[in-house]
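Subject: Handing over a structure

Dear colleague,

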Amino acid sequence: MIDSIHIHNVVIPFLYLITFVVYVYDFVKDKPMLNNAKRVFLFITLILHTFYLLSRTIEFDHPPITNKFEIFTVLAFALSFSYFILELLTDVRGTGLFIIAFSIVLQIASSLFIEDLVEVKTILRSNLLGIHVISAMLGYSGITISAVYGILFLMLYKRMKSNEFGLIFKRLPNLESLEKLSFIAAIIGYVLLTISILIGGMWLPNAFPDFSYFDPKLISTFIVWVVYTIGIITKLTGNLYGKRIIVFNLSGFALAIVSLILTTFITNTFHSFY
Amino acid sequence: MNIIGITINHKTAPIELREALHLSQNEITQIIPLLKDKLFSEGFVLSTCNRTEIFGFPKSHGVNFKNVQDLLKDFKPIEGINSNNFLNYFSCGAVKHIFKVASGIDSLVIGDSQILAQVKEAFQISEDMNFTSSLMRRISDSTIKVGRRAISETLIGEGAVTVSFAAIKVIEKVFASFEKRSALVIGAGETGELAAIHLKDLGIGKLTITNRTFSKAENLAEKLNADAIKFENFKDHLQHFDIIISATSSGEPIIYYDDIKAMMKKRKGALACLMDIAIPRDFDTKVKNIDGAFYYDIDSLKVIVDENMKLREKEIPNVEKIIMEEMVNLFGWYNTLEVVPTIKDFRDFFEHIRSDEMEKIKHKVSDDEFEKIDNMTRRMIGRILHNPTINLRKISETGTNFEEVAANTLILKELFGLTNNGKEQRENNDKN
């Protein structure tokens with residue numbers, strides 16, 4: 001099985017790259033023939049990626065979340081998988097390249113540096129940790145996709161305001177759909193992040209003797225969660241629409257990324273396993 | 001193929017002449033019997049606001065372009081029209097022109113979406129009036145195929161090329177559907193009415209009309225099953241509309257920056273489309289700077305139209321490629337019409353000689369020997385005729401070189417005396 005894992009490790013970035021090229025080609029040329037073909041490419045890539053992640057879990061006896069580069073491949077998968085589901089649900093097919101691009105970068109970094117770790121800390125073998133991390137990854141994928149749609153919304157918005165009717169105007173879905181896609185992705189991300197926070201809240205105090213509710217990572221995550229809660233409630237109650245809600249969403253995403261970077265690389269936290 | 005035809009269109013005549021010469025469906029049904037009687041065995045007549053075309057297969061060698069022009073001018077006498085206003089086509093050129101028309105590349109607006117339906121209708125009228133037979137039917141099928149292929153295989157019909165369609169495209173880029181949207185049309189004149197009808201056709205959720213003369217707004221609203229509001233207080237309701245189209249004849253703006261600013265504030269960021277299709281403009285142009293409001297006037301919509309026109313022009317070579325392919329197919333088929341009977345006569349000629357000679361030896365040899373000789377001569381004739389038959393068929397099926405086909409067929413007929421019906425000729429040979 002180890003040989004199969006190594007082969008997949010090399011093949012998967014190329015599959016993402018090929019899928020990305022097909023999506024880009026279709027975006028530029030708008031060939032009806034590629035409309036379904038690109039979806040098939042993405043589906044095959046995701047199937048093989050699923051097989052790869054399962055193989056790693058079985059072969060190394062732990063979910064692939066024990067180091068940064070394992071996390072990267074899970075994130076790459078989570079982003080493209082979330083996009084695939086969103087594409088199936090909404091049938092908006094013209095935006096895949098903007099999401100798959102993230103998967104390519106993450107998967108290339110993962111494939112280059114990932115190691116076959118067999119021995120991992122006991123704490124990283126916990127099933128609750130697995131659910132906590134995977135739901136957090138999917139949650140971050142959701143808000144990332146939401147942010148990507150937010151950026152696409154602003155790109156189209158700006159071009160339409162300045163009477164530029166080029167490729168972006170022709171190929172992107174309408175502003176209302178982009179706003180809707182951004183909102184659906186944010187809701188999915190928010191729900192998964194909430195699950196992750198709840199599981200973390202139950203499991204972390206027992207797993208770590210130095211656990212503290214005032215840990216910088218916990219506080220920053222909570223702030224991000226509160227921002228998204230406010231945004232979603234405001235949108236649902238009909239108090240904010242269009243560009244305003246998109247800007248609010250992007251601010252929340254920026255806050256999430258900044259806090260993630262600061263708490264991971266700068267501050268001291270018990271919430272660091274790698 | 002001896003099809004001939006004439007056209008008068010936007011390239012040859014001013015709009016006044018084209019309009020004057022336009023034939024209604026009723027007039028087409030009147031002119032077809034005249035054409036049948038005097039000039040053509042089969043044909044068709046196409047007449048739109050931009051072109052009138054008459055094509056057909058002459059009943060006799062004497063029929064020429066001038067006869068067709070004269071018949072049209074006699075049918076619909078118009079002052080100022082002369083032969084320079086017509087373009088004449090013959091054979092290959094005629095078919096190519098018909099294909100170009102159906103594909104939309106000969107239209108005033110390149111890639112015109114209406115023309116194919118109009119061409120289909122023209123052929124249908126001919127069919128209904130027994131003005132077609134197999135040849136014209138085949139041209140009709142090929143023409144419609146060209147039109148369909150141009151639409152499905154190229155981008156010739158893509159993009160908005162009229163201001164009103166461009167406005168719709170912009171609105172569609174803002175909202176996912178029209179069903180859940182509400183629209184206000186300001187002005188119940190001709191332009192406003194057209195805009196309102198267009199919105200209704202697109203399935204707008206709620207349509208409201210306002211006009212300085214309220215009764216006009218009410219009349220239009222009633223006609224379109226819409227609402228009417230008084231012009232004096234329409235600004236109080238602006239926030240309820242996702243789409244506002246203004247088409248009044250007011251000499252100065254009627255909607256100001258502060259009106260839209262207040263409207264957008266009440267909409268809490270919800271997007272709105274403001275289409276100013278009035279000349280002079282009805283909106284204060286500063287409204288385009290307001291967040292969430294997409295303001296477009298005729299000039300900005302023309303940007304879309306011009307870009308799309310350029311894209312369509314780039315597609316013309318691709319459409320011409322399709323036209324060429326279908327011409328090859330059509331003329332390939334047409335050439336076989338001439339070649340197949342010739343091949344048959346040619347083979348019959350040899351078969352007749354063979355069977356004649358076989359008849360002469362029938363009683364001089366045994367039955368077994370006769371059968372062997374019969375089989376051998378059949379094979380021999382088959383092998384002798386194989387290459388000429390295949391080559392002649394091949395030349396005809398390429399479609400483009402029908403002159404070569406005609407020449408080869410003629411040589412064959414003359415060399416073997418097949419000219420006046422093979423059977424008759426053979427009988428003469430027998431007598432000699």
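Helices are DSSP runs of H or I with at least four residues, strands are runs of E with at least two, and both are numbered from the N terminus. The model is predicted, so that local features need pLDDT of at least 70 and side-chain atom pairs count only at pLDDT 80 or more, while totals for chains, interfaces and linings use all residues. Residues are numbered from 1 along each chain as its sequence is written, chains are lettered from A and ligands numbered from 1 in the order in which they are written, and side-chain values use heavy atoms, with hydrogens and water left out.

Let me begin with chain A. A:L17 is found in helix α1 of chain A, and A:H6 is found in that helix as well. A:L17 counts as partly exposed because its relative accessibility is 37%, where buried means under 20% relative accessible area, exposed means over 50%, and partly exposed lies in between (1.4 Å probe, protein chains only). A:H6 is likewise partly exposed, at 37% relative accessibility. The side chain of A:H6 is joined to that of A:D116 by a polar contact of 2.7 Å; such a contact is a pair of N or O atoms within 3.5 Å, and within protein one must be able to donate a hydrogen and the other to accept it, while residues adjacent in sequence count only if both atoms are side-chain atoms. A:H6 and A:R56 are 50 residues apart along the chain, and their C-alpha atoms are separated by 9.9 Å.

A:L17 also belongs to a nonpolar patch on the surface, together with A:I7, A:V10, A:V11, A:F14, A:I18 and A:F41, and these residues have about 610 Å² of accessible area together. Accessible areas come from the Shrake-Rupley method with a 1.4 Å probe, and for residues only the protein chains shown count as cover. Patches are made of residues with over 30% relative accessible area and no salt bridge, like charges being joined within 9 Å and nonpolar side chains (Val, Leu, Ile, Met, Phe, Trp, Tyr) within 5 Å. Helix α1 (residues 2–29) gives the most to this patch, with six residues.

Chain B has 14 helices and ten strands, and buried residues make up 48% of its 432 residues. The chain exposes about 21800 Å², of which carbon and sulfur atoms supply 51%.

Next come the salt bridges, each being a side-chain nitrogen of Lys or Arg within 4 Å of a carboxyl oxygen of Asp or Glu. The count over all chains comes to 31. One of them joins B:E325 to B:R149, with the closest N and O atoms 2.6 Å apart. This pair links distant parts of the chain, since B:E325 lies in helix α11 (residues 298–361) and B:R149 in helix α6 (residues 134–153), 176 residues apart. B:E325 is partly exposed at 34% relative accessibility, whereas B:R149 is buried at 16%. Both residues also belong to a network of salt bridges that links them with B:K145, B:E153 and B:E326.

By contrast, B:R354 and B:E351, whose side chains meet in a salt bridge of 3.0 Å from N to O, both lie in helix α11, three residues apart, about one turn of the helix. B:R354 is buried at 6% relative accessibility, and B:E351 is partly exposed at 29%.

With best wishes
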